[in-house]
Structures are given as structure tokens and as C-alpha cells.
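Open the model in your viewer and keep the selection tool ready. This tour goes stop by stop.

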Amino acid sequence: MSTLDWLNDDSIVPELYADDSSGVPNNSTVHKSREALMQDIEQTIMQMIESVSIGQPIKVPLSVRKLPSRIKRKKANHDQQTNREEQTSIDNQIKTLSLSTGSSAKTLARYFSVLQMIYEAIAHKIIITKRDMYYRDVGLFGTQSVVDTIVDDIACHYNVPRSSLNVSASSKGLIFGPIVIKLKNNKILDCMTHMPTLNCHDEQGILIPPVNQIAEIKCKARCIIVIEKEATFRHLVSIGFCQTLPQSCILVTGKGYPDLLTRQFVKHFSIQYSRLPILALMDNDPHGLDIYATYKWGARALAFDVSNLAVQSIQLIGLTCQDRIDFNIPSEYLIPLTERDKAKCLCMVRTFDAGETPGASQMRERGWKDIGMQVTSQSHRDYIKEVFELLRTDYKCELQALYAVGPYGLSHFLMKKLPEYI
């Protein structure tokens with residue numbers, strides 16, 4: 001079936017939000033007891049020590065996530081010496097290192113150091129941040145991203161969420177609206193007020209707390225709007241948007257591509273308040289659509305835990321190519337797509353054979369097993385059509401373009417569109 005035929009096909013599978021609508025379990029982590037996880041780590045370290053003692057290549061049995069960057073590096077690497085130093089199997093996902101060179105020994109030391117810090121945190125029942133881990137040995141790790149990658153690989157191997165490793169990241173996501181969060185330490189977070197005495201409060205919004213610290217949520221809103229940009233979030237808070245609606249809403253932003261804490265909170269909220277609409281407010285550009293897809297179908301980096309992170313019920317409220325017409329956005333506010341934008345769009349819909357549905361490969365990379373059910377859903381079809389429409393028009397548009405009709409253009413846009421969803 002050609003792309004055009006696929007876009008015009010009316011045989012649409014009804015939208016389903018179950019994690020396993022096809023009977024094929026999607027990737028999902030499970031919580032382990034403190035004792036069981038400590039024992040698993042001890043076994044891993046013992047295997048490494050035994051390998052050293054008998055002079056064999058050390059096998060770090062950590063699941064290597066199938067990140068596109070890793071696959072590209074593997075395909076591009078034809079140097080036999082490098083292959084001897086570090087062999088990464090995409091099939092069995094086992095990372096094998098030797099001590100034959102300084103670079104491979106450094107990689108081993110990094111994994112060993114992170115495992116040691118995780119073990120200590122679990123043993124002493126303390127929480128350690130990834131930033132703390134990095135600063136314990138800046139010379140060894142080099143960059144923060146090295147620690148981030150190793151922590152996620154370890155979580156993937158032991159098939160546990162990062163919280164089970166007692167590792168957290170500094171929250172960057174913000175929330176505002178008629179919702180009260182009670183933490184397990186009995187602190188109360190009123191997300192509608194500003195209380196600078198609490199460390200988790202910002203001048204406009206509250207830093208989203210880790211889900212494993214939440215004891216209870218009380219919500220009076222009729223919907224939750226997940227916003228791409230912090231600037232858009234702050235604008236809506238500053239003009240009192242939540243208070244002016246007949247049915248109030250909650251505002252959340254991950255400040256661009258969301259961190260794990262923001263995604264976990266949105267997922268947790270979608271389970272606790274499954275009847276409330278969750279709406280995505282994004283720029284009309286490739287990154288905005290990809291961020292929406294990250295919330296809805298998951299990210300490649302955490303594909304091993306897609307079932308616990310993907311929020312299939314989230315819907316795109318805007319900004320779409322059709323909105324540019326319906327709300328009379330002036331042409332001078334439209335921005336030509338760059339070559340990088342076009343390349344990203346094509347990557348989002350690329351297919352590898354004539355019979356493949358656009359987006360199927362990307363869904364597989366995000367960790368889904370029930371590919372057919374996902375790519376034939378109405379929401380995915382609309383998402384793919386929006387990508388093609390961006391390419392057809394050759395223009396993108398930011399939410400700030402709605403201010404062309406006045407300072408309250410964005411709020412008017414939302415007030416007109418919200419009745420379609422609540």
C-alpha cells in the first residue's frame with residue numbers, strides 16, 4: 001500500500017488505550033524488593049571479578065538499549081581492533097568489554113563505579129541523584145550524559161524502574177492548577193498557590209515531585225494540558241488562565257522534551273484520573289510533534305519501560321496545520337522548514353519496505369510489540385498526516401503566532417478548542 005493510499009484508507013481500528021490490546025505484552029519494568037535487587041547486583045559484580053581472576057574478557061551483563069545512535073556506530077565501525085576491545089550485540093543486548101586498552105578499561109570502571117554507588121544507596125536506604133554520581137568522579141565520567149546512559153542501562157538490565165535503584169534526577173517539570181499533592185513525608189503541595197518556604201515551589205508553578213514520593217492526589221480540574229514550552233506555561237499562569245475557565249484545568253510543562261519525572265507524573269495522573277482528558281499543546285513543527293509522540297508512545301531511550309511511561313490517552317489539541325487556517329495566523333508568522341526540520345519529519349515517517357505502514361518502525365523503536373494496533377489507531381494516523389502536512393506546506397509555526405491577534409490570542413484559542421474535549 002502506498003503512502004497516499006494509506007492516508008486515504010478508511011479502515012480505521014477504534015482507539016484503544018489499554019497497554020496490551022493485542023495480547024502481546026509490551027516492554028515493562030517491575031519493582032523488585034531491596035534484598036532481591038542487592039543480590040542481583042552482587043551476582044553481577046562477582047561475575048566480573050571471576051572473569052578477571054581467570055583472565056577472560058569481562059562480561060558486563062547489562063542490557064544495551066537499542067538506541068539508533070548505537071546502531072549507527074556499530075554499522076559504521078569496521079575496525080577489527082575496536083571490535084575486539086568492545087563488542088556490542090544488538091541481538092542478545094550483552095555488552096562485552098576487555099582490559100586490553102585504556103578506553104575499554106575506563107568504560108568498565110565507569111559501570112563498576114555506578115553499580116557501586118547504586119548498591120550503597122539501596123543498602124543504606126538513601127536517594128542519590130545522577131548529578132551527585134557525576135560529581136563524585138568528574139574525571140572518570142567526563143560528562144553527565146555518561147552517567148545518565150549507564151543508569152538507564154542498569155535499570156534496563158535488571159528490568160526495574162530507575163526509582164528502584166534509589167537514583168533520581170533533579171526535576172525540571174512544572175505543574176500549576178487546582179490539584180493538591182500529599183507527599184509520603186506529609187508535606188502538602190497546593191499547586192494553585194505560591195509558598196516560597198517549600199523548596200519545590202517556583203515563582204510560577206511547582207516542581208513536579210517524584211511519583212514514588214506521592215501519597216495522594218486530589219484534583220478538582222476537568223482536564224490537564226501538557227505544554228511543550230516553559231514560556232507558554234508561564235504566560236498562561238500569569239494571565240490567570242486556569243482561574244478564568246468555567247471548568248478549570250491543570251497545566252504541566254516538561255520544558256521541551258520531558259524528563260522522566262514529568263512523564264511518570266503524567267502517566268500516574270492518567271491512571272488515577274482516567275476519565276479526565278489529557279491534552280497536548282505543542283508548536284506546529286517537527287519537534288513539537290515528536291514531543292507529543294514521546295508522551296503518547298514513549299521514547300527510544302526508555303523503550304524497555306514503555307508500558308509504565310506511555311500515556312496513550314493524551315490527545316493533541318494543537319497547534320496543527322489546520323489551526324493555522326482556522327485561526328487566521330498571518331503568513332508572516334509562518335517559518336520555512338529548515339533542511340534539518342525536513343530530515344526529522346522524514347525520519348518520523350520513514351519506511352523500510354513497500355508494505356510497511358508509516359511510523360511502524362518508529363513504534364517498534366519506542367518499545368511497542370502490538371505494532372498493528374498502534375499504527376492503525378486514529379490518533380497515530382492523525383499524527384502521521386500532520387507530519388506529511390508539514391512537509392507539504394514546507395512551513396512550521398510556533399504557538400506564539402497566536403499572539404498576532406492580541407495578547408490573549410493563546411487563551412482564546414484554547415477556550416474555543418477545549419469544548420471539543422471536555
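This is a predicted model: local features need pLDDT of at least 70, side-chain atom pairs count only at pLDDT 80 or more; totals for chains, interfaces and linings use all residues.

**Stop 1**

Now zoom in on strand 6 (residues 174-176) and strand 12 (residues 249-253). These two run antiparallel, joined by three bridges. Pick phenylalanine 176. Its bridge partner in strand 12 is leucine 251. Strands of a sheet pair through backbone hydrogen bonds, either parallel or antiparallel.

**Stop 1: a helix across the sheet**

**Stop 2: helix 8**

Select residues 144-158. This is helix 8, with 15 residues. From first C-alpha to last, helix 8 reaches 22 Å, close to the 21 Å expected at 1.5 Å a residue.

Is helix 8 largely enclosed or largely open? Eleven of its 15 residues are buried, so helix 8 is largely enclosed by the rest of the structure. Colour the buried ones; among them are Val146, Val147, Ile150, Val151 and Ile154. Asp152, Asp153 and Tyr158 are buried too. Then step on to asparagine 159, which follows helix 8. The phi of asparagine 159 is positive, near 55 degrees.

**Stop 3: glutamine 264**

Go to helix 11 (residues 260-272) and pick glutamine 264, which lies there. Is glutamine 264 buried or exposed? With 18% relative accessibility, glutamine 264 counts as buried, because the cut-off for buried is under 20%. Show its surroundings. Leaving aside residues up to four places away in sequence, glutamine 264 touches Val211 and Leu309.

**Stop 4: salt bridges**

Side chains of opposite charge can pair when their charged atoms come close. How many salt bridges does a search of the whole structure find? The search finds 18.

Start with aspartate 40 and lysine 32. Their side chains meet in a salt bridge at 2.9 Å, N to O. Lysine 32 is partly exposed, with a relative accessible area of 31%.

Next, select helix 15 (residues 339-349). Here glutamate 339 and lysine 342 form a salt bridge at 3.6 Å, N to O. The two are three residues apart, so about one helical turn separates them. Glutamate 339 is exposed, at 61% relative accessible area. Lysine 342 is partly exposed, at 23% relative accessibility.

Aspartate 394 sits in the loop between helix 18 (378-393) and strand 16 (395-396), and lysine 342 in helix 15, so the pair ties together parts that are 52 residues apart in sequence. Aspartate 394 is partly exposed, with a relative accessible area of 30%.

Definitions and conventions: Residues are numbered from 1 along each chain as its sequence is written. Side-chain values use heavy atoms; hydrogens and water are left out. Helices (H or I, at least four residues) and strands (E, at least two) are DSSP runs, numbered from the N terminus. Buried means under 20% relative accessible area, exposed over 50%, partly exposed in between (1.4 Å probe, protein chains only). Contact means heavy atoms within 4.5 Å. The expected span of a helix is 1.5 Å times one less than its number of residues. A salt bridge is a side-chain nitrogen of Lys or Arg within 4 Å of a carboxyl oxygen of Asp or Glu. Two strands pair if DSSP finds at least two bridges between them.
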